[in-house]
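This briefing is meant for a reader who is meeting the structure for the first time.

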Amino acid sequence: MTSTSGTSRPSGTSGTPGSRKEAGTGIRDGGESAGHGRMLTAMVLAVLGYQINATMLSPALPDVIERLGTTTAAAGLSQTLFFLMAAIGQVTLARLSDQRGRKPMMLLCAAVLIAGNLLCVVAPNIEVFIAGRVLQGVSAAMFTLAFLTLDQVLTPAGFGKAAGVITAVNGGLAGVDAIAGGQIADTIGFRGIFVCSTAIAVAGLIGVLRYVPDVPPTLDAAARFDSRGITALAVGLTGVLVGLSQGAAWGWTSVLTLGFLLGGLAALALFVLSQKSAPNPVIDLDVLASRRAWPLLLTTVCTLGGAFGAIALTIPLFSQDARAGLGLSAVTAAILFLTPIQLIGVVSAPLTGRLGPRIGWRTVVVAGAVANFAIFVVATLFLHQQWVLVAALAALGVTYGGFMLTGLNGLAVTTAPKDKPGSLSGLNGACFGIGAALGIALASAMITTGGDAGGPTTAGYTHALYAALALLGLAVLFALLIRRPDPAEQTADGAGPVLVTHH
């Protein structure tokens with residue numbers, strides 16, 4: 001690659017800025033191959049800095065509760081807000097990146113992540129810890145920004161392969177991070193997790209600065225950003241999800257719970273109305289109303305709500321609960337229940353990335369949704385059969401870590417309107433956060449409601465898995481409703497990317 005600024009396009013290639021190259025792998029020569037490799041490595045580090053705050057912390061949640069002197073409900077709230085802010089950050093920064101560029105928003109994500117990590121390292125109580133988790137959650141937009149950048153730089157085949165690699169990171173660092181999180185929790189405590197995340201985030205920041213290209217914005221930078229809409233969306237989602245998460249602890253008919261739930265719903269209604277008149281809306285309602293969009297988004301919400309809610313909260317708490325669960329240590333629980341999902345996902349996600357363009361991303365999503373539901377039926381029925389539970393959850397490495405995470409991201413990017421490439425992928429990225437927050441909120445509520453004076457009970461954990469199963473059943477239904485892609489549109493998508501310089 002050259003060191004001059006600007007863009008260049010291969011001879012004979014036409015299309016709008018940000019379109020893909022015509023055919024091939026997306027790599028013209030050895031120098032460009034190395035450039036793409038460095039870019040992908042930088043993106044992997046950038047997204048991993050965020051992701052290990054989810055995967056490494058899951059086995060350490062009991063340690064957070066003990067060291068900060070807090071409750072299961074408060075720990076659940078910290079997780080709910082973490083993924084809620086991930087949703088808000090993704091939809092906001094993805095839309096901003098259409099105007100300001102992908103790279104500046106990626107650098108902002110990295111800086112916010114580092115700030116959030118440092119707050120969690122020094123947190124003296126759950127309130128400061130939650131503040132740090134909120135900042136960390138915003139940085140989840142790094143995933144969507146990475147996918148959008150790759151889509152503008154690489155061919156469909158190259159994008160599929162790279163998307164599989166980035167999606168593999170979505171499950172963590174091949175399971176090593178889950179084991180490390182458990183070991184850190186059992187020895188020095190949860191704060192060490194955020195020290196590790198900070199080191200990776202700093203490396204990611206440097207990598208993005210040096211190796212990620214400045215792809216051209218797709219919208220006029222002078223366009224007005226819909227701050228009113230994003231505020232209403234943030235308030236609405238926060239109200240509903242906090243109300244669901246804390247309803248069991250506060251009382252479902254208490255003024256506080258009803259205030260959060262009803263206030264959140266009112267804010268969401270205001271948000272929808274504001275999008276109709278906003279000159280540059282956060283969410284394009286025309287895109288949202290299409291069958292290429294709303295079934296996909298609901299599939300994402302229900303998939304993350306069911307699978308991730310169980311993986312990130314129910315199973316870690318159950319497996320370490322000596323009274324109502326399996327009574328394992330944090331390290332053992334991570335090795336048995338978290339590491340297999342991540343390790344298998346690291347292999348299956350890139351393979352799914354290669355498979356998606358061949359058989360269709362919709363086919364991948366439908367197959368993954370059906371398989372996820374079947375796996376959770378087994379997990380729910382055999383909750384106390386340790387090795388059956390281990391085998392069932394390990395299978396999620398293929399169906400959830402590979403098929404669903406890669407397929408949902410691939411489908412969102414490749415079917416988005418070409419004049420608004422950040423619209424559907426940004427919405428889908430937000431739905432990942434909304435689904436995760438919803439799943440954790442419901443799981444926390446079920447566990448708390450089913451508890452007694454001695455803490456969580458078997459019934460509470462079982463009810464949490466029933467809720468997960470219901471969400472995964474809905475995911476199957478919505479996946480089947482996703483519109484089949486138009487062959488003409490798929491052919492048109494074969495146009496290739498603009499080549500950009502690295503700085």
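In this predicted model, Phe82 is buried, because its relative accessible area of 0% lies under 20%. Phe83 likewise counts as buried, at 4% relative accessibility. The rings of these two residues have their centres 4.7 Å apart and their planes at 80°, so Phe82 and Phe83 make an edge-to-face pair.

**Aromatic rings**

- Across the whole structure, a search finds 9 aromatic pairs, and one aromatic cluster is formed by Tyr50, Phe82, Phe83, Phe143 and Phe308.
- Phe318 and Tyr461 also form an edge-to-face pair, with 5.3 Å from centre to centre and 75° between the planes.
- That pair links distant parts of the chain, since Phe318 belongs to helix H13 (residues 294-320) and Tyr461 to helix H18, 143 residues apart.
- Phe318 is buried, with a relative accessible area of 1%, and Tyr461 is buried as well, with a relative accessible area of 2%.

**Packing of H15 and H18**

- The axes of helix H15 (residues 361-381) and helix H18 (residues 458-481) come within 9 Å and cross at roughly 160°.
- Because angles over 145 degrees count as roughly antiparallel, H15 and H18 are therefore roughly antiparallel to each other, and their crossing is left-handed.
- Residues of H15 including Val366, Phe373 and Phe376 meet residues of H18, among them Leu465, Leu469 and Leu472.
- The residues of this contact between H15 and H18 divide into 17 nonpolar, 3 polar and 1 charged.

Notes
Residues numbered from 1 in each chain as written. Predicted model: local features only at pLDDT ≥ 70, side-chain atom pairs only at ≥ 80, totals over all residues. Heavy atoms only, no water. Axes fitted to C-alpha atoms, helices over the stretch in contact; angles between N-to-C directions. Helix = DSSP H or I, 4+ residues; strand = E, 2+ residues; numbered from the N terminus. Parallel < 35°, antiparallel > 145°, perpendicular 65-115°, else oblique. Left-handed = near helix turned anticlockwise from the far one by under 90°. Contact = heavy atoms within 4.5 Å. Nonpolar A, V, L, I, M, F, W, Y, C, P; charged D, E, K, R; others polar. Phe/Tyr/Trp six-rings, centres within 6.5 Å; stacked < 30°, edge-to-face > 60°. Buried < 20%, exposed > 50% of the residue type's maximum accessible area, 1.4 Å probe, protein only.
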